[in-house]
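I opened this notebook page to record what I looked up in the structure. The entries follow the order in which I consulted it.

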Amino acid sequence: MNRLFLCAGFVLSIALLSISPVLARTDSPGAPAFSAAFTGVRGSSPVMAGRFDPAHPPPSQSLTTTRSAPSHLTVSAAELRKRRADAVAAMPLLDPSLAPARRVEPLGGLALTESATSDPVSLLASAEGVDENALTNPYYPSDGAIASNGVSIVYAANDEIQSRAISNGNVTGTWAFSSFFAPAFLNNNDAGVIFTDPRVQWDGFGGRWLIVVDALDSTSGQSWECVAASLTADPTMPWWVYALNSTLDGSNPTSNISDYPTLGFDSQAVYISTNQFNWLTGAFAYSKLRVFSKLSLESGSALTWTDFIGMVNADGTAAVALQPAINLTEPPVEYLLSAEPLGGSTLSVWEVVNPLTSPSLYRATIAVSTYYLPVDATQPEGVQALDAGDNRMQQVVQRDGILYGALTTSANFGYGVIDIPRLFTIDAALPALLSDDDAGWANVNGFYPSVSVDSAGDVMVVFLCSDSVTYASVCVDTRAGSASLMDQPVGVTPGSYSYVADDVTGRNRWGDYSAIALDPNGATFWTIGEYAPNPFNLWGTRVNALAYEPSAGATATPTITPTATPTEVPTATPAPGFRIYLPFVVNGAGP
């Protein structure tokens, strides 16, 4: 579904701890809209870098702990279930003519057969990513992350990072995060630290790899944002690694730990957003945005930072999970997006100006179509449904001043209430909502979406999918740069089994996110997503290289190495480290 809007929200005055009086921006075309100003707190204790040498990695730590990664919700699990039930009860029945593509085939789940020629996605290469069964310290869910510099891909899931050469698909390095970041804990106090929620990006401005991962000492209540920058473009060469104390606000100690870090950067600074939770009670405290010099990070210099805390939306509710934009072109300022995590009809657009000299954070509000809390995603065989999370904004990218962001909502197009990926396109400077689109199918759950856009403006959304005849799988949807509607969605990695692995709150954890990254060639998308590959309730991740070719369809010749012209499943002779498959058909259950 596509909806066109041209609107900008004006915000009311707010006054909270560490928030300045409301000021009007006067230095950009969007000044009247960006009217809420937040002042940060500067950290005063420089943090020194350690140096990780992949050729001589420290030993990894083997922990005895629960399989479930730390899970922090802004409300209790019981309250989340109640609000989901309330949302379903209040949800309107939508016009089926406005629904996303509906593909209904005979029952039987996913079929590894060639997709319809109208599908404009070419699956160029595929390889197994990080697999829970192979980890020293396996946590669920997977939390996949990926980036490419055109020569290598670097991808991660909970507690492990890997690199592969694009030319032959071979793995060039595998490291546990407890080993990778050990040099940042100079007094060896990383024993017992849990590393989760990784993010990986390629800094095309500076020619370095960047990583952030959350680290928690589950016995002492200490937490860190562990940050790394490669010394060169080769991920198998040394890295600078840091452990930034995330219980500090500026240099002020708190009892709050960090969760769900997100990562962005521009030519000047690095931006890391976290949700902060009270260590003793587990209650949500506030969101935090930490800003520091990218040059200092990438040169291994001591880091100081500015922390913005206590951000709120225009209605006074706490802002949650701010997503810094991944910048595909140089932006005038760093933009971020956030959504109301328990459903709503507005988005907050944030911008950081003067990040190194006198950092200020501004907020504007835009109205969007109502989004509803996701429901648990059904699986075959009547087993427990998968937890689809909340409405937090997922991955955000910026190209030529346009922001693209995605989240999970739910809808009923006459086939029952299901999860739907929602894509937003926003003119950042005004800000103005250009469109929002429902991706995926009208009768197959689609959740944990991530989005990117190629140099032609073509959009690709990767998301996780399941229903009563579809095992947990990885799917994509696309939109041509010149189009106003989404294309036909397609599956790219099929699950083979149902999956059940409850955490202590009874949630069957899945996700918590997928990831997509644009190759520097401007045309190839690299994705990573979680799927169910085995009968042992152990997750897997799959790395895929995809291209959007609306005029050629699914049988187009790939444009990167390894190359092959798909004719059957699997196809001819891919490079040694990759396997090549055709997309598959998703057979959604009918009403």
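Is Cys226 buried or exposed? I found Cys226 buried, at 0% relative accessibility. Here buried means under 20% relative accessible area, exposed means over 50%, and partly exposed lies in between, with a 1.4 Å probe and protein chains only.

**Basis of the entries.** I note that this is a predicted model, in which local features need pLDDT of at least 70, side-chain atom pairs count only at pLDDT 80 or more, and totals for chains, interfaces and linings use all residues. Residues are numbered from 1 along each chain as its sequence is written, and side-chain values use heavy atoms, with hydrogens and water left out.

**Whole chain.** I looked up the secondary structure and found three helices and 35 strands in the protein chain. Helices (H or I, at least four residues) and strands (E, at least two) are DSSP runs, numbered from the N terminus. The protein chain has 591 residues, and 63% of them count as buried. Among contacts (heavy atoms within 4.5 Å) with a separation of 6 or more, 64% are between residues 24 or more positions apart.

I followed an open sheet of four antiparallel strands, in the order S6-S7-S8-S9. Its edge strands are S6 (145-148) and S9 (171-176), each of which pairs on one side only. Strands pair if DSSP finds at least two bridges between them. Neighbouring strands of this sheet are turned by 10° against each other on average, direction ignored; the axes are lines fitted to C-alpha atoms, and angles run from 0 to 180 degrees between N-to-C directions. Within the sheet, I found six bridges joining S7 (residues 152-157) to S8 (residues 160-165). I also noted that Ser152 has Ala165 in S8 as its bridge partner.

**Disulfide.** How many disulfides does the rule give? I recorded one disulfide, the rule being a pair of cysteine sulfur atoms within 2.5 Å. Cys465 and Cys475 form the disulfide, with their sulfur atoms 2.2 Å apart. The link of Cys465 and Cys475 is right-handed, with 45° about the S-S bond. Cys465 lies in strand S30 (residues 459-467) and Cys475 in strand S31 (residues 470-479), 10 residues apart. I found Cys465 buried, with a relative accessible area of 0%; Cys475 also counts as buried, at 0% relative accessibility.
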